[in-house]
Amino acid sequence: MFVDEARFYVAAGSGGDGMVAFRREKYVPRGGPAGGDGGKGGDVIFVASTEVNTLAEFRHKRHWRADAGGHGGPKQMTGKNGKDLYIRVPLGTLIFDADTDEQLADLTKEGSEFIAAKGGRGGLGNQHFATSRNKAPRKATPGKPGEEITIRLELKLLADVGLVGYPSVGKSTLIAAISNARPKIAAYPFTTLAPNLGVVQWRAQREFVIADIPGLIEGAHEGHGLGLQFLKHIERTNLLVHVLEVTKKLEDHDDDREPIKDFEVLRQELKRFNPELVERPQMVVLNKCDLPYVQEEADRLREHFEGMGLKFMTISAASRENLGEFIEALGQRVLNQRVDDDREGGLEWWEREDALPPKAEEE
Ligand SMILES: Nc1nc2c(ncn2[C@@H]2O[C@H](COP(=O)(O)OP(=O)(O)OP(=O)(O)O)[C@@H](O)[C@H]2O)c(=O)[nH]1
Ligand SMILES: [Mg+2]
């Protein structure tokens with residue numbers, strides 16, 4: 001089950017207590033203080049991992065605790081440090097303080113960590129308290145309590161490209177055709193109930209991530225269909241691809257779907273969710289072009305969308321028509337964007353579509 005929100009309590013381990021003890025050795029009349037220190041309590045640490053994909057694990061377990069530190073022992077033995085508790089979360093998990101709503105961390109890279117609660121320090125054993133006047137102190141200090149906090153997690157998937165479109169336009173078929181994702185595909189609407197991520201291989205060494213989200217319909221902002229809840233998972237993408245289809249007009253069934261109208265309706269829905277989304281780089285693809293009645297509409301639609309200044313392509317996810325060109329167009333846009341972002345894995349200047357050698361320095 002796909003769960004993208006969670007709220008729970010975490011507590012670090014408390015430190016172990018220091019000990020009061022004296023050296024007892026045969027033939028040594030009065031041993032000095034020898035009580036060991038307590039160990040440190042374990043930390044609670046969130047770590048981003050590609051091995052988990054949702055926050056489902058947190059639905060039932062409401063309390064997470066790291067181990068306490070061991071108490072100090074005799075003979076100056078320090079207590080064991082409590083084991084840190086590592087909590088694995090998916091990449092793209094935002095961590096908030098649930099009480100103040102302050103964002104504490106955004107774990108976007110494999111292995112990145114955030115210490116949410118620090119373990120308490122161990123107490124000091126009486127070995128530390130001997131003075132010239134008191135050679136046999138009976139004083140030791142208790143361990144400090146560990147930090148505790150109520151955490152709210154929010155998962156916002158990380159993808160370079162997001163697919164949006166009405167149900168059944170073929171988004172899942174498309175992601176299955178070009179990436180390693182294997183989502184469910186079927187001829188009825190709302191087949192996809194949760195986002196899918198897929199990795200697309202492009203030009204041998206490079207890859208990017210594409211997200212397929214459940215279909216959207218008119219009125220989604222009012223909760224129609226599955227609503228707009230999944231749009232947050234494409235909020236972090238650099239490129240949105242509107243997938244369109246031409247629906248067959250049947251004699252007995254008058255659906256008022258039309259690709260240009262579909263595009264405008266979904267644009268409004270995106271805007272209602274986050275006005276910034278429609279400012280994002282966008283592309284339009286007409287899918288199912290293996291069907292003659294779809295192909296017939298291609299020129300008209302191309303003229304319309306290119307007139308709007310949008311990149312427009314015709315593809316068929318089923319027959320794989322034009323998918324190579326489609327991947328190329330995505331790769332160019334996504335990785336060019338990364339160059340602008342100065343992110344890792346971007347294109348070298350000579351790989352860019354609009355490649356021009358850098359200007360020579362003027363003397
Ligand atoms: N002829 C043809 N059929 C396609 C093509 N792509 C998808 N389909 C069919 O369209 C139907 C819906 O495909 P999906 O990939 O499940 O559509 P979706 O957009 O993911 O739908 P939701 O998950 O419900 O939003 C399936 O029956 C597919 O086989 C295509 O290129 N050509
Ligand atoms: Mg689908």
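Which residues are the closest to ligand 1, and how many surround it? There are 24 residues around ligand 1, and the closest are Gly170, Ser172, Thr192, Gly215 and Ala318. Here a residue is near a molecule if its C-beta atom, placed from the backbone, lies within 6 Å of it.

Some ground rules before the details. This is a predicted model, in which local features need pLDDT of at least 70 and side-chain atom pairs count only at pLDDT 80 or more, while totals for chains, interfaces and linings use all residues. Residues are numbered from 1 along each chain as its sequence is written, and chains are lettered from A and ligands numbered from 1 in the order in which they are written.

**Domains**
- The protein chain splits into domain 1 (1–156) and domain 2 (161–351), with bounds from an automatic or database domain assignment.
- Taken over C-alpha atoms, the centres of domain 1 and domain 2 are 47 Å apart.

**Ligand 1 and helix 1**
- The shell around ligand 1 holds eleven nonpolar, ten polar and three charged residues.
- Helices (H or I, at least four residues) and strands (E, at least two) are DSSP runs, numbered from the N terminus.
- Why is helix 1 largely enclosed by the rest of the structure? Because seven of its eight residues are buried: Lys171, Ser172, Thr173, Leu174, Ile175, Ala177 and Ile178. Buried means 20 or more other C-beta atoms within 10 Å of the residue's own, exposed means 12 or fewer, and partly exposed is in between, with C-beta atoms placed from the backbone.

- Strand 9 runs parallel to strand 11, joined by three bridges; two strands pair if DSSP finds at least two bridges between them. Leu163 has Asp212 of strand 11 as its bridge partner.
- Strand 9 also runs parallel to strand 12 (residues 239–244), this time with five bridges.

**Two hairpins**
- Strand 10 (residues 196–202) and strand 11 (residues 206–212) pair antiparallel over seven bridges, and Trp202 stands opposite Arg206.
- Three residues sit between the strands of that hairpin, and Arg203 takes a positive phi near 50°.
- Strand 5 (residues 93–97) and strand 6 (residues 103–107) are antiparallel too, over four bridges, with Thr93 opposite Leu107.
- Five residues lie between strand 5 and strand 6, and Asp101 in the turn has a positive phi of about 65°.

**Positive phi in loops**
- Most residues other than glycine have a negative phi.
- Ser168 counts as buried because 20 other C-beta atoms lie within 10 Å.
- Lys288 has a positive phi of about 70° and belongs to the loop between strand 13 (282–286) and helix 3 (292–295). With 24 other C-beta atoms within 10 Å, Lys288 is buried.

- Three strands make an open sheet in the order 4-2-7, with mixed pairing.
- Strand 4 (85–89) and strand 7 (113–117) are its edges, each pairing on one side only.
- Neighbouring strands of this sheet are turned by 30° against each other on average, direction ignored. The axes are lines fitted to C-alpha atoms, and angles run from 0 to 180 degrees between N-to-C directions.
- Strand 2 (residues 44–48) pairs with strand 4 in the parallel sense over five bridges, and Val44 stands opposite Leu85.

**Arg152**
- Leaving aside neighbours within four places in sequence, Arg152 is in contact with Arg7, Phe96 and Ala98; contact means C-beta atoms, placed from the backbone, within 7 Å.
- Arg152 and Phe208 are 56 residues apart in sequence and 29 Å apart in space, C-alpha to C-alpha.

Definitions and conventions
Ala, Val, Leu, Ile, Met, Phe, Trp, Tyr, Cys and Pro count as nonpolar, Asp, Glu, Lys and Arg as charged, and the others, Gly among them, as polar. Two residues are in contact if their C-beta atoms, placed from the backbone, lie within 7 Å.
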